[in-house]
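Below is a set of questions and answers on one protein chain. Each answer ends on the value or name asked for.

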Amino acid sequence: MATEVYFRSGGLNCAADLYLPADLKAGEQRPGIVVGHGFSLVKSYLTEQASHFQRLGFVVMTIDYRSFGKSEGEPRGQLFPLNEVEDFRNAISYLQARPEVDPGRIGIWGASFAGGLVSYIAAVDRRVKATVSVVPVTDAPTQPTQLPRTSDR
């Protein structure tokens with residue numbers, strides 16, 4: 001079971017689901033994991049992954065980037081990689097400030113587009129102690145592309 005929380009990023013409120021381990025004792029601190037989604041999903045699609053890490057004893061936070069899901073931001077679904085990096089890093093800050101989290105034991109997990117993001121974040125943010133990048137997008141076009149018409153082939 002998760003609790004919806006919000007953290008600030010880029011001047012906006014970003015939505016997240018926070019999963020606490022069932023056996024967490026008062027005053028205890030556990031490692032934390034921030035989990036991000038690919039560019040066509042939202043945090044609610046990460047329930048299975050988050051629940052798995054939660055059962056293993058981690059404090060887990062799945063996030064919606066700004067302009068995605070329940071987070072603020074216009075236009076909706078706008079994808080700027082460095083904004084998502086900032087959102088991830090602000091989610092790490094939020095998670096580190098939670099009393100249930102050991103701030104020195106933070107990991108990040110991302111699949112698809114977020115797999116590329118977490119690889120970059122781990123390289124620039126020393127707070128990250130573990131990274132999982134699942135089928136990462138690491139070489140996507142930066143400009144809109146158009147496929148050739150069948151008659152052009």
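Q: Which pattern does the protein chain follow, read along the sequence?
A: The model is predicted; local features need pLDDT of at least 70, side-chain atom pairs count only at pLDDT 80 or more, and totals for chains, interfaces and linings use all residues. Residues are numbered from 1 along each chain as its sequence is written, and side-chain values use heavy atoms, with hydrogens and water left out. Helices (DSSP runs of H or I, at least four residues) and strands (DSSP runs of E, at least two) are numbered from the N terminus, and the protein chain has 3 helices and 6 strands. In sequence order the pattern is β-β-β-α-β-α-β-α-β.

Q: What is the radius of gyration of the protein chain?
A: The radius is taken over C-alpha atoms, and the globule rule is 2.2 Å times the number of residues to the power 0.38. For 153 residues that rule gives 15 Å, and the chain is close to this, so it is as compact as a globular protein of that length; its value is 16 Å.

Q: What does the C-alpha trace of the protein chain span along its principal axes?
A: The span is given for the C-alpha trace.

Q: How much of the accessible surface of the protein chain belongs to carbon and sulfur atoms?
A: Accessible areas come from the Shrake-Rupley method with a 1.4 Å probe, and for residues only the protein chains shown count as cover. The surface comes to about 8500 Å², and the share of carbon and sulfur atoms is 55%.

Q: What percentage of the residues in the protein chain is buried?
A: Buried means under 20% relative accessible area, exposed over 50%, and partly exposed in between (1.4 Å probe, protein chains only). Of the 153 residues in the protein chain, the buried ones make up 42%.

Q: What share of the contacts with a separation of 6 or more comes from residues 24 or more positions apart?
A: Contact means heavy atoms within 4.5 Å. Among contacts in the protein chain with a separation of 6 or more, residues 24 or more positions apart account for 64%.

Q: Which residues is A91 in contact with, leaving aside its neighbours within four places in sequence?
A: A91 is placed in helix 2 and is buried, with a relative accessible area of 0%. Leaving aside neighbours within four places in sequence, its contacts are F7, V34, M61 and I63.

Q: Which residues does L46 touch, not counting residues up to four places away in sequence?
A: L46 is in the loop between strand 3 (30-36) and helix 1 (47-55). At 4% relative accessibility, L46 counts as buried. Not counting residues up to four places away, L46 touches V35, G36, H37, T62 and W109.

Q: How are the rings of F53 and F58 arranged?
A: Rings of Phe, Tyr and Trp (its six-membered ring) pair if their centres lie within 6.5 Å; planes under 30 degrees apart count as stacked, over 60 as edge-to-face and the rest as tilted. A search of the whole structure finds 3 aromatic pairs. In the pair of F53 and F58 the ring centres are 6.2 Å apart and the planes are at 85 degrees, so the arrangement is edge-to-face.

Q: Is F53 buried or exposed?
A: F58 is partly exposed, with a relative accessible area of 26%. F53 has a relative accessible area of 17%, and therefore counts as buried.

Q: Which residues do ring pairs link into a cluster with Y65?
A: The rings of Y65 and F68 have centres 6.1 Å apart and planes at 90 degrees, so this pair is edge-to-face. Y65 is buried at 0% relative accessibility, and F68 is buried at 6%. Ring pairs link Y65 into a cluster with F68 and F88.

Q: What is the omega of the peptide bond that joins E74 and P75?
A: P75 lies in the loop between strand 4 (59-63) and helix 2 (81-97). Most residues other than glycine have a negative phi, and most peptide bonds are trans. The bond joining E74 and P75 is cis, with omega about -10 degrees.

Q: What is the phi of S67?
A: S67 lies in the loop between strand 4 and helix 2 and counts as buried at 5% relative accessibility. S67 is not a glycine, yet its phi is positive, at about 75 degrees.

Q: What is the phi of V135 near?
A: V135 is in the segment after strand 6 (128-134) and counts as exposed at 61% relative accessibility. V135 is a residue other than glycine with a positive phi, near 35 degrees.
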